[in-house]
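The entries follow in the order I made them.

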Amino acid sequence: MLRVCEKLREADARGRRYGLARAETGYLRALVDAVADKDRLAEVELLKSLGDVNLEKGRLGKDVREFNMALALYVVAMVRCGHRDQGDGIEHRYKYAERLLQGVTSKGAQGQGKKQQTEDKETTTPAKVALKFQDVDKKRATGCNTDTVVVGYAQLLLEGIANNINMLETEAIKSLGDVFLKRGTETRDTRHLTKATALYNTALARCNNVQGTVAIVYRLLYTAKIRQDITTKSKEKSTRTRRQQNVRGRKDHISPFSTAASSDNTSDQMRRLNIVYEEHLQDGSRALQTGDLDKAEQSFAAALKSVHVKAQHRKEAEPLYKLGKVYLKRGIQSKDGGDFTKAAALCNAALSLQMKRSIYGEDTAHPDIAGSLNNLGLAWGDLGDNRKAVSHYEQALQMEWSIYGEDTAHPDIAASLNNLGAAWSNLGYHRKAVSYYEQSLQMMRSIYVKDNAHPDIASSLNNLGAAWSKLGDHRKAVSYYEQSLQMKRSIYGEDNAHPDIAGSLNNLGLRLG
């Protein structure tokens with residue numbers, strides 16, 4: 001709660017000094033930050049504060065519309081609130097606003113009241129939503145002050161939230177992302193791209209129509225491409241600078257005994273590799289243009305493999321970005337919304353890995369990079385490419401061993417071993433899966449030795465049961481399922497209805513039935 005108070009303090013101070021209009025502007029800016037950060041606590045607090053602003057405007061101007069806006073914001077804040085104390089405070093404000101509104105309406109006041117708002121919401125169409133954006137879009141197109149544009153879109157976001165118009169809310173969040181994407185592209189500052197990506201992700205999570213989802217995923221993919229271009233050019237510039245410094249630092253002495261032959265061989269290999277990589281990318285791009293998605297997928301996957309094998313991590317982002325476009329187009333053709341989500345997941349996993357490597361260094365072993373490798377493995381697994389999932393999980397495991405030590409029991413290592421077990425199981429290598437699951441189980445038991453009943457251990461027992469079942473050893477499968485069920489009951493309670501317990505009972509029923 002202290003963190004939220006810090007965010008509100010500046011807006012409160014401006015409101016006391018300059019009046020309601022400045023306070024409202026400050027709250028709207030803070031609301032954009034809270035939405036981008038997926039900070040639900042701050043978002044609820046800001047909706048409440050913006051409700052207070054509208055309540056005060058209604059009280060001063062005797063305007064029913066302002067009162068109705070305040071009431072709508074309080075309702076949304078209560079619905080989205082997850083803290084009882086915070087919810088009680090909002091409820092008191094709502095009742096106070098109702099009393100004030102009754103006093104105003106009994107004397108006659110400005111505004112059209114609740115009925116008009118409801119009618120507007122019920123007749124919302126894409127055309128009507130587009131009309132609402134005309135003024136702000138025009139300001140953005142003519143180069144108006146960015147802060148003014150952000151506040152304009154934030155006002156539309158607030159209107160969408162207050163009136164429960166999903167199309168308006170998600171379009172406003174997407175437009176805010178566009179503002180920061182433009183700023184990042186122009187300034188080459190990737191912090192703005194990070195904020196654009198965060199806003200697009202929030203819009204994607206809240207969007208409930210296919211057309212909107214397509215538009216948002218395209219923007220996520222495009223943002224990843226822009227970030228890749230900026231990062232690549234920045235590193236090329238840094239490399240050129242270092243080379244110039246090295247040249248200036250050298251004396252006139254040049255050794256006749258050089259390793260020129262070895263360097264030439266390496267250069268030739270890299271040139272050939274780059275040619276193959278570019279050919280695969282070009283083939284995939286042509287296939288994508290002609291609509292041959294299977295061919296495009298094969299070509300981009302081959303391009304990715306050609307650099308992945310040689311550990312040229314900087315070049316991984318381009319084929320990953322292109323693969324995301326393939327899955328997106330396939331989703332459009334098949335009307336399968338799951339493909340949109342998969343495209344976004346793959347895009348974000350690649351983007352996360354690229355960002356962390358640029359922060360910590362290409363060859364640095366760091367827990368965040370290992371985590372991104374695991375996430376990329378999960379994304380490939382969701383897309384059904386378990387071989388790529390295995391490759392990324394193995395990279396994550398190797399990195400974690402180098403960080404923590406091969407003989408160290410660590411939750412990250414146990415998780416990677418478990419992920420490898422799942423991927424090998426999906427590939428049909430169930431004995432390999434058992435091996436990894438057993439290593440993971442053994443490690444988790446050593447980690448959670450003080451409290452041997454743990455959800456991760458119960459999950460590993462269940463995974464082992466599934467693997468032995470696929471190998472045809474149903475006695476072992478039942479044994480592991482029973483151990484998993486017993487542990488889950490000790491964790492969640494004997495008589496408690498819990499999805500994990502239900503899952504174990506279902507597994508046992510299938511084996512014993």
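I started with lysine 174, which counts as buried because its relative accessibility is 9%; buried means under 20% relative accessible area, exposed over 50%, and partly exposed in between (1.4 Å probe, protein chains only). I placed lysine 174 in helix H9, residues 166-187. Helices here are DSSP runs of H or I with at least four residues, strands are E runs of at least two, and both are numbered from the N terminus. Leaving aside neighbours within four places in sequence, I found lysine 174 in contact with Tyr200, Ala203, Ala215, Ile216 and Arg219, contact being heavy atoms within 4.5 Å.

I note the basis of these entries: the model is predicted, local features need pLDDT of at least 70, side-chain atom pairs count only at pLDDT 80 or more, and totals for chains, interfaces and linings use all residues. Residues are numbered from 1 along each chain as its sequence is written, and side-chain values use heavy atoms, with hydrogens and water left out.

Next I looked up serine 484, in helix H21 (residues 474-492). Its relative accessibility is 0%, so serine 484 counts as buried. Not counting residues up to four places away in sequence, serine 484 touches Ala458, Leu461, Asn462 and Ser504.

I then checked the length of helix H3, residues 40-61. The expected span is 1.5 Å times one less than the number of residues. Lysine 62 follows H3 and has a positive phi, near 50 degrees.

How many aromatic pairs does a search of the whole structure find? It finds two. Rings of Phe, Tyr and Trp (its six-membered ring) pair if their centres lie within 6.5 Å; planes under 30 degrees apart count as stacked, over 60 as edge-to-face and the rest as tilted. The rings of phenylalanine 133 and tyrosine 153 have centres 6.0 Å apart and planes at 35 degrees, so I logged this pair as tilted. The pair links distant parts of the chain, with phenylalanine 133 in helix H7 (residues 126-141) and tyrosine 153 in helix H8 (residues 146-162), 20 residues apart. Phenylalanine 133 and tyrosine 153 are both buried.

The rings of tryptophan 424 and tyrosine 429 have centres 5.3 Å apart and planes at 85 degrees, so this pair is edge-to-face. Tryptophan 424 is buried, with a relative accessible area of 8%, while tyrosine 429 counts as partly exposed because its relative accessibility is 39%. I also found lysine 432 over the face of tryptophan 424, at 3.8 Å from the ring centre. Lysine 432 lies over the face of tyrosine 429 too, at 6.0 Å from the ring centre. A charge sits over a ring if NZ of Lys or CZ of Arg is within 6 Å of the ring centre and within 35 degrees of the ring normal.

Residues 370-403 are 91% helix and 0% strand, with end C-alpha atoms 10 Å apart. Residues 414-447 are 91% helix and 0% strand, with end C-alpha atoms 9 Å apart.

Last, I took the chain totals. The chain has 22 helices and zero strands, and 44% of its 513 residues count as buried. Among contacts between residues at least 6 apart in sequence, 60% join residues at least 24 apart.
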